[in-house]
Amino acid sequence: MTTTPDTRPENRVLIFDTTLRDGEQSPGATMTHAEKLEIAELLDEMGVDIIEAGFPIASEGDFKAVSEIARQSKNATICGLARANYKDIDRCWEAVKHARSPRIHTFIGTSPLHRAIPNLTQDEMAQRIHDTVTHARNLCDNVQWSPMDATRTEWDYLARVVEIAIKAGATTINIPDTVGYTAPMESADLIRRLIAEVPGADEIIFATHCHNDLGMATANALAAVEGGARQIECTINGLGERAGNTALEEVVMALKVRHDILPWDTGIDTRKIMNISRRVATVSGFPVQFNKAIVGKNAFAHESGIHQDGMLKNAETFEIMRPEDVGLNATNIVLGKHSGRAALRSKLKELGFELADNQLNDVFVRFKELADRKKEVYDDDLIALVRQNEAVSDRLRLKSLKVVCGTEGPQHAEMTLTIDDAEKSVDATGDGPVDATFNAIKALFPHEARLQLYQVAAVTEGTDAQATVSVRLEEDGRIATGQSADTDTVVASAKAYINAVNRLLVRREKTAPNADVKGVGYLDAGE
Ligand code: KIV
Ligand code: ZN
């Protein structure tokens, strides 16, 4: 099998997005099948070079998602993850082979700690790397190999196995900082040394894959590029296990804004960043922190008098990039109850939401309801409205809720839910209105899930502001986060809880025997 010669310019850095694999793997970040397909389409449209669409052996759901993403991909290479065994690799190939440009990504933990788990000697592991990469390369001419926990692997062993993987046919070698342990200088040096000392290293592409445990994921990825890496692995909003992965928007904007000292290009249309960031926040149930670089609500907000004054005179006094460059509209035009459907459509388009007519009608009805309750409807209110419209599989829906509060407890919640198309009602009590509401849901749809987090935030200012509520539930180690917004905090709480239950039900479906592939071993698939 031959590989097409790489004709990309020297200064081009490939963007490999793993939101749908490393991001979705993060506890609680469940996405439905339709949501995964939608995110993949947005990634493809924004110019991501490689989309890691999932871990095909993990479950039927992952396999189906990777296969369909492969079929629908227009430009991006579609990659699937596989452990170092033939069964994983075959399953991965079955899923990605439909893509215009498929890639198999296979990995094994090479550090002393990771070698100890499958109890392989250095030689046994080296043989396994040779065999599995060869097997993958016999199926696909685009193979990525990763020595997991590379940054804590002994140099001699790392260099040895990288050479073996290259000789076996790997076309990309990814160097993961799996536990977010490395620092920028070290990150650059490691790649530089691998390229200089490993035979065959100049024939392939080195990738960097960083986790953010010490807050250095973006710096480490950029340093690795300085050292010679030409592929950055990242996720939207930095989604990912523990403290997350390198954030796509951060590395891409750093390369754009500081091109003077970081002279590398990506193929990303940065104006699409805000839209995909919002979508990922919604579908993953992981809100973006207010002060998050590039995509946080406050990233372009100038509160203080001195800043505002400077900004009005010359935006460059306090702004190193323009909001439009990341797809944020410069103005925050307020809509009110007299605004029509056309104004709403155009505002939503500006915010990155292109809705079908029936969806727009639905949002319009709720926009009017909101505008009746609230004098001014801001961008953030609209975003919250649209997100609310996009519930997951929706086995449970809130039909009605009436809560009776008073100084004398207990509080009562009269609730009707539609569950699998049948209506059920209950009158439940609780210690406060939210407790009564959650008890009503539990009475109507009994479940064992434990409430791990209940969080309320105001979308905008004022007592008529909408409240965004996040609810995280845990059941047998599965975690799901639901969100909703409403001017009534209790209604938002009920909807967020219901949203979390719906997502948990999706998680329950991921019950293939190998569903928990992230755990111990990372190696065997019952061989
Ligand atoms: O962090 C990591 O090591 C990974 C590998 C599977 C590449 O995500
Ligand atoms: Zn990772």
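1. I begin with the charges: the mean positions of the 59 positive and 79 negative charges of the protein chain are 3 Å apart. In this count Lys and Arg are positive and Asp and Glu negative, while His and the chain ends are not counted, and each charge is placed at NZ of Lys, CZ of Arg, CG of Asp or CD of Glu.

2. A word on the basis of the values: this is a predicted model, in which local features need pLDDT of at least 70 and side-chain atom pairs count only at pLDDT 80 or more, whereas totals for chains, interfaces and linings use all residues. Residues are numbered from 1 along each chain as its sequence is written, chains are lettered from A and ligands numbered from 1 in the order in which they are written, and side-chain values use heavy atoms, with hydrogens and water left out.

3. On the overall build, the protein chain holds 17 helices and 14 strands, where helices (H or I, at least four residues) and strands (E, at least two) are DSSP runs numbered from the N terminus. The C-alpha atoms fill a box of roughly 75 × 60 × 40 Å along the principal axes. A compact globule of 527 residues would have a radius of gyration near 24 Å, and the protein chain, with 24 Å, agrees with this; the radius is taken over C-alpha atoms, and the globule rule is 2.2 Å times the number of residues to the power 0.38.

4. On surface and interior, buried residues make up 55% of the 527 residues in the protein chain; buried means under 20% relative accessible area, exposed over 50%, and partly exposed in between, with a 1.4 Å probe and protein chains only. The accessible surface of the protein chain comes to about 22,900 Å², of which 50% belongs to carbon and sulfur atoms, the areas coming from the Shrake-Rupley method with a 1.4 Å probe and, for residues, only the protein chains shown counting as cover. Among contacts with a separation of 6 or more, 68% join residues 24 or more positions apart, a contact being heavy atoms within 4.5 Å.

5. Some backbone angles deserve a careful look, since most residues other than glycine have a negative phi, and most peptide bonds are trans. N237 has a phi near 65°, a positive value in a residue other than glycine; N237 sits in the loop between β8 (231–234) and α10 (248–257) and counts as buried at 15% relative accessibility. I294, which is not a glycine either, has a positive phi of about 70°, and I294 is found in the loop between α11 (273–284) and α12 (305–313), where it is buried with a relative accessible area of 7%. The peptide bond from G409 to P410 is cis, with omega near -10°, and P410 has its place in the loop between β9 (396–404) and β10 (411–419).

6. Two further residues can be compared by their surroundings. M415, in strand β10, is buried at a relative accessible area of 1%, and, leaving aside residues up to four places away in sequence, M415 touches several residues, including L398, V426, T437, I441 and A494.

7. Finally, D189 lies in helix α8 (residues 184–197) and is partly exposed, with a relative accessible area of 43%. The C-alpha atoms of D189 and G227 are separated by 6.2 Å, although these residues are 38 residues apart along the chain.
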